[in-house]
Amino acid sequence: MRLVLVRHGASEHSRRGVIADVQGCTGLTAEGVTQAQRLARRLRATGELDDCAALLCSPVSRARQTAEILTGALPTSAVREDQALCELRPGEADGLAWADYRARYGAFELLAFPDRPFAPGGESWHDFIARVRITLTSFSAQFAGQTVVAVSHAGFIVAALLVLFDIPRPGTGARFDPLHTSLTEWRVHDTDWELVRYNDAYHLFNQE
């Protein structure tokens, strides 16, 4: 399997300082739309994903909108939503401003309390990592021998790196921070995963 993870474009929730899952997300900013359009132009020009057999996305609006913009540049026009591609699920904090979240629930200290849910009904850090691990294993079986493009979120992309390189925890002082609409590509043979590229956002800087 060839799995290409795409981070969604810039979104309104980040600009407004809001925690946004399915309910709280209000979609892409104008800049985010432009970023996704630049990626689509790149893919049409290069043909680098012309063997794409499936286009997946998280059901969160910013990811869904990004995926829809990419449909014209890929051989598949159907977008399949998959809950497993979401960020760490915030539960009752969905739609709250960060200041309101901290006032209500305190700081989310994932290193000190990795089993604490983000908010009632949400995931803990350990829950999230387990979901990402299960999702990657499931994809490798379901899409064996195929190319899959999955529009997801920075947290999922980073968690995949931690899972597949068996990095025990974040918080070492170094950061992974994939750019909006960047490509991170994995190839898997049996159970052997290879990172082919990370944070490839050439289309954001080359305006030709």
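Me: A pocket here is an open set of points on a 1 Å grid over the protein atoms alone, where a 1.4 Å probe fits and protein lies on both sides within 12 Å along at least five of seven lines. What volume does the largest pocket have?

Reply: About 1,100 Å³, where volume means the space filled by probe spheres set on the points, joined across faces, edges and corners. This is a predicted model, in which local features need pLDDT of at least 70 and side-chain atom pairs pLDDT 80 or more, while totals for chains, interfaces and linings use all residues. Residues are numbered from 1 along each chain as its sequence is written, and side-chain values use heavy atoms, without hydrogens or water.

Me: Which residues of the lining are the closest to the centre of the largest pocket?

Reply: Glu87, Leu110, Trp125, Ala154 and Gly155 are the closest, out of 35 lining residues. A residue counts as lining if it has an atom within 4 Å of a point. Helix H6 gives the most to this lining, with 5 residues. H1, H5 and H6 each supply at least two. Helices (H or I, at least four residues) and strands (E, at least two) are DSSP runs numbered from the N terminus.

Me: Why is the pair of Trp98 and Tyr101 called edge-to-face?

Reply: Rings pair if their centres lie within 6.5 Å, with planes under 30 degrees apart counted as stacked, over 60 as edge-to-face and the rest as tilted; for Trp the six-membered ring is used. The ring centres of Trp98 and Tyr101 are 5.7 Å apart, so the two rings pair, and their planes meet at 75 degrees, so the pair is edge-to-face. A search of the whole structure finds 10 aromatic pairs. Trp98 and Tyr101 also belong to one aromatic cluster with Tyr105, Phe108 and Phe118.

Me: How do you know that Trp98 and Tyr101 are separated by about one helical turn?

Reply: The two residues are 3 apart in helix H4, which covers residues 98-105. An α-helix has 3.6 residues a turn, so residues three or four places apart point the same way.

Me: Is Trp98 buried, exposed or partly exposed, and which of these is Tyr101?

Reply: Buried means under 20% relative accessible area, exposed over 50% and partly exposed in between (1.4 Å probe, protein chains only). Trp98 has 36%, so Trp98 is partly exposed. Tyr101 has 0%, so Tyr101 is buried.

Me: What makes the largest nonpolar core a core, and how many residues has it?

Reply: A nonpolar core is a set of buried Ala, Val, Leu, Ile, Met, Phe, Trp, Tyr and Cys residues joined through side-chain atoms within 4.5 Å. The largest such set has 33 residues, and those with the most contacts inside it are Leu3, Leu5, Leu56, Ala93, Tyr101 and Val132. Elements that each supply at least two residues of this core include strand E1 (2-7), strand E2 (52-57), H4, helix H5 (125-142) and helix H6 (154-164). The largest share, 8 residues, comes from H6. Apart from this core lies another, of 18 residues, among them Val4, Leu39, Ala73 and Leu74.

Me: How do you know that the buried residues of H3 are on the same side of the helix?

Reply: In H3 (residues 61-70), Arg62, Ala63, Thr66, Ala67 and Leu70 are buried. They cover an arc of only 130 degrees around the axis, which puts them on the same side of H3; the arc is that of the directions from the helix axis to the C-beta atoms. These buried residues pack against helix H1 (12-16), helix H2 (30-46), E2, strand E3 (79-81) and E4.

Me: Why is Phe143 called buried, and what is Phe143 in contact with?

Reply: Phe143 has a relative accessible area of 5%, so Phe143 falls on the buried side of the cut-off. Phe143 lies in the loop between H5 and E4. Leaving aside neighbours within four places in sequence, Phe143 is in contact (heavy atoms within 4.5 Å) with Met1, Ala54, Leu56, Arg80 and Val148. Phe143 and Met1 are 142 residues apart along the chain, yet their C-alpha atoms are separated by 6.1 Å.

Me: What makes the phi of Thr181 worth a remark?

Reply: Most residues other than glycine have a negative phi. Thr181 is not a glycine, but its phi is positive, about 65 degrees. Thr181 is found in the loop between H6 and E5, and at 0% relative accessibility counts as buried. Asp190 also has a positive phi, near 60 degrees. Asp190 sits in the loop between E5 and strand E6 (192-200); its relative accessible area is 74%, so Asp190 is exposed.
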